[in-house]
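Please read them with the structure open.

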Amino acid sequence: MADVIKIAYLYEDLMNTYGDSGDVKILRYLLNGRGYDVQVNNISLGHSFNAMDYDFVFFGGGQDYEQTVVAKDLPRLHDTLHDYIEAGNPLLAICGGYQFLGSEYKMSDGTTIKCLNLLPLHTVFRPESRMIGDTEYETEWGTVRAFENHSGCTYFDDKDKLKPLGKMVEGFGNDPESGYEGMRYKHTFGSYSHGPILRNRNIAEAFADMIVDRYKARVGAEVTA
């Protein structure tokens with residue numbers, strides 16, 4: 001093949017809790033099975049990055065300390081991720097990565113961590129509401145089963161623009177009240193599902209479809225340029 005499918009893993013060395021790297025490994029396996037070669041690049045602190053060079057962007061979860069380190073480096077990625085997301089290209093953000101897509105993360109002590117402000121959502125740390133355990137929810141691709149472990153509650157600031165990924169059957173999802181898990185905007189998705197989420201073959205195949213479509217569009221544009 002003239003090219004390979006390119007995956008950008010944002011801060012792979014820092015944002016990889018509860019087996020989130022498994023999502024990328026599963027996608028590589030599925031795409032290899034469809035006859036594609038796959039290149040995964042770790043985009044970490046100070047690395048140059050043009051999101052439009054990629055067919056999929058993945059942003060995993062991280063511990064509090066690692067998130068504070070990543071938060072200082074993130075602003076330089078804002079413009080390229082904005083263009084990538086608005087063009088309708090596929091992105092999956094898990095837990096901390098999901099939170100970073102919004103405007104801010106409010107800590108219980110009043111400290112506010114500024115996030116990328118790419119999408120109209122924000123997160124509030126609620127220590128009295130630790131959300132942990134198995135989850136099950138219904139999506140447009142069927143049932144998803146995973147597990148969650150977070151105290152951050154994510155809220156949509158524009159419910160017309162953002163849609164939930166799924167409706168809860170078991171567990172908490174975004175927060176203890178809404179009954180919804182995750183977020184969707186165009187082909188950008190956020191979720192609190194670890195396990196990893198893409199061990200669910202139905203949703204993994206849906207992401208593989210999106211990635212292949214993006215790859216064909218990108219390679220086609222390069223050929224005609």
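1. Tyrosine 9 and phenylalanine 58: buried or exposed? Tyrosine 9 is buried, and phenylalanine 58 is buried as well; buried stands for under 20% relative accessible area, exposed for over 50%, and partly exposed for what lies in between (1.4 Å probe, protein chains only).

2. A word on the basis of these comments. This is a predicted model, in which local features need pLDDT of at least 70 and side-chain atom pairs count only at pLDDT 80 or more, while totals for chains, interfaces and linings use all residues. Residues are numbered from 1 along each chain as its sequence is written, and side-chain values use heavy atoms, with hydrogens and water left out.

3. Aromatic pairs. The count comes to nine aromatic pairs. Rings of Phe, Tyr and Trp (its six-membered ring) pair if their centres lie within 6.5 Å; planes under 30 degrees apart are stacked, over 60 edge-to-face, and the rest tilted. Tyrosine 9 and phenylalanine 58 make an edge-to-face pair, with 5.1 Å from centre to centre and 85° between the planes. Tyrosine 9 belongs to strand S1 and phenylalanine 58 to strand S3 (residues 56-59), so this pair ties together parts that are 49 residues apart in sequence. Helices (H or I, at least four residues) and strands (E, at least two) are DSSP runs, numbered from the N terminus.

4. Another ring pair. Tyrosine 36 and tyrosine 215 have ring centres 5.4 Å apart and planes at 75°, so they too are edge-to-face. This pair links distant parts of the chain, 179 residues apart: tyrosine 36 sits in the loop between H1 and S2, and tyrosine 215 in helix H5 (residues 201-224). Both tyrosine 36 and tyrosine 215 are buried. Elsewhere, ring pairs join Phe56, Trp141, Phe189 and Phe207 into a cluster.

5. Strand S1 (residues 5-10) runs parallel to strand S2 (residues 38-43), and six bridges join them. Two strands pair if DSSP finds at least two bridges between them. Leucine 10 is opposite isoleucine 43 in S2. With helix H1 (residues 21-33) included, S1 and S2 form a right-handed β-α-β unit; right-handed means that, with the strands pointing away from the viewer, the path from the first strand over the helix to the second runs clockwise.

6. The antiparallel sheet. Four strands make an open sheet in the order S9-S8-S11-S12, with antiparallel pairing. Strand S9 (142-150) and strand S12 (180-181) are at the edges with a single partner strand each, so one side of each is left without a neighbour in the sheet. Nine bridges pair strand S8 (residues 131-139) with S9, and isoleucine 132 has asparagine 149 in S9 as its bridge partner. A hairpin through two residues joins S8 to S9. Strand S11 (residues 166-170) pairs with S12 over two bridges; glycine 166 has glutamate 181 in S12 as its bridge partner.

7. The largest pocket. Its volume is about 320 Å³. Of its 18 lining residues, the closest to the centre are Gly62, Gln63, Asp64, Gln67 and Tyr105. On a 1 Å grid over the protein atoms alone, a pocket is an open set of points with protein on both sides within 12 Å along at least five of seven lines, a cavity is a set where a 1.4 Å probe fits but cannot get out, and lining residues have an atom within 4 Å of a point. Grid points are joined across faces, edges and corners, and a volume is the space filled by probe spheres set on the points. Helix H2 (64-73) and S9 each supply at least two residues of this lining, and H2 gives the largest share, three residues. The lining divides into six nonpolar, ten polar and two charged residues; Ala, Val, Leu, Ile, Met, Phe, Trp, Tyr, Cys and Pro count as nonpolar, Asp, Glu, Lys and Arg as charged, and the others, Gly among them, as polar.

8. The second largest pocket. This one has a volume of about 230 Å³. Its lining includes Thr154, Tyr155, Phe156, Lys159 and Glu177, and strand S10 (residues 152-156) contributes the largest share, three residues. By class there are five nonpolar, three polar and four charged residues.

9. The cavity. A search of the whole structure finds one cavity of 30 Å³ or more. The largest cavity is lined by Gln67, Phe100, Tyr105, Ile113 and Cys115, that is, by four nonpolar, one polar and no charged residues.
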